[in-house]
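User: Hi! I'm new to reading protein structures, could you walk me through one?
Analyst: Happy to, here it comes.

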Amino acid sequence: MISISHKTKQFLVLLVKLLIVGGAFYFIYNQLANNDKLDWAQFITIFNKNKSVSGISFLLLLSVLNRYFEILKWQNLASFIKPISIAEATKQVLAALTAGIFTPNGVGEYAGKAMYYEKDETKQVIFLNLICNGIQMVLTVIIGLFGLLYFNANYNVITTQTVAIIFGILIVLFVVLFSIKKITIKGYSIEKLIHKINEIPKSIHQKNILLGICRYLVFSHQYYFLFLAFDVNMPYLIVMSAVTSVYFLASSLPTFQFLDFAVKGSVAIYFFGLLGVNEWIIIFVSTLMWFLNVVIPVVFGSFYVLNFKTSRITPTDT
């Protein structure tokens, strides 16, 4: 087995850190600088017209709350392995977000959190992170379905027959999944997954669901308030049904974190286009949501990545 010196390992770790942070900032800059759909002149006009310290502070507060609820979720789930402080949970969540920004569906986030734990805890960390993200996905689907139905009832995006077919397919899939839950593929089965989920105390699951709901309410309403800031004044339920529909459909598409606003923006253009909202406003709102909830946390996460020290590196002689 090839032996690598301690200094070489330190250099490789530093190189990985720089690649993660450099890659994150490159993708962020590239998306903001080269997006020809962003009309900065119109944005500045609207901003100067509606700017207020209280309004900007409120939107920033929602961003902080959005990430704070995610940090509380992770602290809650990580307690199944060992108790961690808010500061430690913050470090792990933000560093993992930075590591996952240019990986498909944030896969790098799993590895980012696992690096803060011992090797024998890696599988548990990945599983708990799956639960952490999974509950958010489930809430997005459930709330999004109701939002889509409400929006469809007002704007007839799809026919009643199509809605019935979709629900029929979902019911069939649900029945099929549970009928084959004992079938094992490479040692894994739905039954084993359910058993592992049940190993986690109910109190942790209940808190995870509650925090997931709080987080969903925060970022969905941040979307709503941003539209208000751009003078989009429409009935609350109509706007929120469109927002929840956008999150529901966008979450089902494979994407990268740094392209998140582009995916959500594309879906949002369709729904809010039906409401008569200008395309440039939709693009800017989606971009600002991405900037507030991904870019700013990544800036702080970069600090944690660069200061990351792993206990797995031990001095060895060459």
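User: How many helices and strands are in the protein chain?
Analyst: The protein chain has 12 helices and zero strands. Helices (H or I, at least four residues) and strands (E, at least two) are DSSP runs, numbered from the N terminus. This is a predicted model, where local features need pLDDT of at least 70 and side-chain atom pairs count only at pLDDT 80 or more, while totals for chains, interfaces and linings use all residues. Residues are numbered from 1 along each chain as its sequence is written, and side-chain values use heavy atoms, with hydrogens and water left out.

User: Let's pick a helix. What does α4 look like?
Analyst: Helix α4 covers residues 86–100, which is 15 residues. From first C-alpha to last, α4 reaches 21 Å, close to the 21 Å expected at 1.5 Å a residue. That expected span is 1.5 Å times one less than the number of residues.

User: Is α4 mostly covered or mostly open?
Analyst: Mostly covered: 11 of the 15 residues in α4 are buried. Among them are Ala89, Thr90 and Val93.

User: Which residues does Ile71 touch?
Analyst: Ile71, in helix α3 (residues 53–78), touches Ile86, Ala89, Thr90 and Val93, not counting residues up to four places away in sequence. Contact here means heavy atoms within 4.5 Å. Ile71 and Ile86 are 15 residues apart in sequence and 7.3 Å apart in space, C-alpha to C-alpha.

User: Is Ile71 itself buried or exposed?
Analyst: Ile71 counts as buried because its relative accessible area is 6%.

User: What about Asn66, where is that found?
Analyst: Asn66 is found in helix α3, and it is buried at 2% relative accessibility. Asn66 touches Arg215, Val218, Phe219 and Asn293, again leaving out residues up to four places away in sequence.

User: New topic: where does UniProt place the transmembrane regions?
Analyst: The unreviewed UniProt entry places them at residues 12–32, 52–69, 125–151, 157–180, 223–250 and 280–306. UniProt positions are given in the numbering used here, feature names are shortened, and annotations may be inferred rather than shown by experiment.

User: How much helix is there in residues 52–69?
Analyst: Residues 52–69 are 94% helix and 0% strand, with end C-alpha atoms 26 Å apart. For residues 223–250, the figures are 79% helix and 0% strand, and the end C-alpha atoms are 14 Å apart.

Definitions and conventions
Buried < 20%, exposed > 50% of the residue type's maximum accessible area, 1.4 Å probe, protein only.
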